[in-house]
Amino acid sequence: MYTCPMHPEIIADHPGTCPKCGMALVVKKENVKPKVISSDTGLGELSLKSYMPLITVISIILVTTIALSLRDFAHAVFSIPQTIEYFMIGFFLTFGAFKLMDLNGFKEGYATYDLLAMRVPTYGYVYPFIEIFFGIAMILFPLSVGLLVVEIVIMLFSGIGVGVKIAKKEPFMCACLGTFLKVPLTKITLIEDFGMAALAIAVILLL
């Protein structure tokens with residue numbers, strides 16, 4: 001019999017993948033406990049290729065940011081704070097969109113580490129829309145200090161939950177790119193949350 005490392009209630013009589021999170025099923029043992037995903041169990045041997053989907057996504061956002069900045073430079077309106085916001089806009093919209101591709105899967109994974117989602121699971125359904133809202137709002141209201149402050153609070157709060165889980169070495173299902181892309185993301189969520197908060201702080205300081 002086979003079961004999912006993160007969802008032991010999933011049982012199959014043949015190898016395959018978990019219908020909830022996409023992880024590879026493993027041989028079922030007695031009293032199996034969910035495995036800590038710090039080693040990204042279930043994704044096979046990790047290599048540079050394992051991270052290629054994530055690298056591709058970030059590269060596209062970065063190239064778009066550079067293109068927009070060059071346009072601004074050509075029109076003599078270039079600014080570093082605005083360039084940072086371009087990257088943040090692409091990041092929020094892209095990562096939010098990936099989460100929406102499997103909203104139930106994201107909600108389930110998010111509830112394993114976010115402090116609010118653990119108590120109010122429905123928040124997992126809302127969070128992707130918050131990220132998309134941030135991206136759209138930054139387009140409509142560029143360099144808005146109030147909006148940046150809200151982003152800092154939300155992203156830091158989310159990052160704290162990830163940090164606590166990693167520090168305690170407790171099992172959690174990283175879901176910063178949702179469950180659509182099966183990539184090793186255990187600590188990438190921490191970078192996503194604190195990284196966006198750091199960029200928002202940088203924009204405020206540079207204004």
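Reader: OK, which side chain does E131 meet in a salt bridge?

Author: K99, with N to O at 3.0 Å. This is a predicted model, by the way. E131 sits in helix 5 (residues 123-140) and K99 in helix 2, so the pair ties together parts that are 32 residues apart in sequence.

Reader: Are E131 and K99 buried or exposed?

Author: Both E131 and K99 are buried.

Reader: And which other residue forms a salt bridge with K99?

Author: E192, where the closest N and O atoms are 3.3 Å apart. K99 is in helix 2 and E192 in helix 7 (residues 188-206), so this pair ties together parts 93 residues apart in sequence. E192 is buried, like K99. Put together, K99, E131 and E192 are linked in a network of salt bridges.

Reader: How many salt bridges are there in the whole structure?

Author: A search finds 3. One of them joins D72 and R71, with the closest N and O atoms 3.1 Å apart.

Reader: What's going on at the start of helix 2?

Author: A side-chain oxygen of S79 comes to within 3.2 Å of the backbone nitrogen of Q82 there.

Reader: Switching to the surface: which residues make the nonpolar patch?

Author: F73, F78, I80 and L206, giving about 440 Å². F73 belongs to helix 1 (residues 52-74) and is exposed, at 61% relative accessible area.

Reader: Now S158. Where is it placed, and what does it contact beyond its sequence neighbours?

Author: S158 is in helix 6 (residues 145-168). Leaving aside neighbours within four places in sequence, S158 is in contact with Y110, D114, Y127 and D193. Its relative accessible area is 2%, so S158 is buried.

Reader: Last one: what's the overall pattern along the chain?

Author: It goes β-β-β-α-α-α-α-α-α-β-α, with 7 helices and 4 strands. Buried residues make up 42% of the 207 in the chain. Of the contacts with a separation of 6 or more, 64% come from residues 24 or more positions apart.

Note on methods. Residues numbered from 1 in each chain as written. Predicted model: local features only at pLDDT ≥ 70, side-chain atom pairs only at ≥ 80, totals over all residues. Heavy atoms only, no water. Polar contact = N/O pair within 3.5 Å; in protein donor to acceptor, adjacent residues only side chain to side chain. Helix = DSSP H or I, 4+ residues; strand = E, 2+ residues; numbered from the N terminus. Buried < 20%, exposed > 50% of the residue type's maximum accessible area, 1.4 Å probe, protein only. Contact = heavy atoms within 4.5 Å. Patch = residues over 30% accessible without salt bridge, like charges linked within 9 Å, V, L, I, M, F, W, Y side chains within 5 Å. Areas by Shrake-Rupley, 256 points an atom, 1.4 Å probe, with all protein chains shown as cover. Salt bridge = Lys/Arg side-chain N within 4 Å of Asp/Glu carboxyl O.
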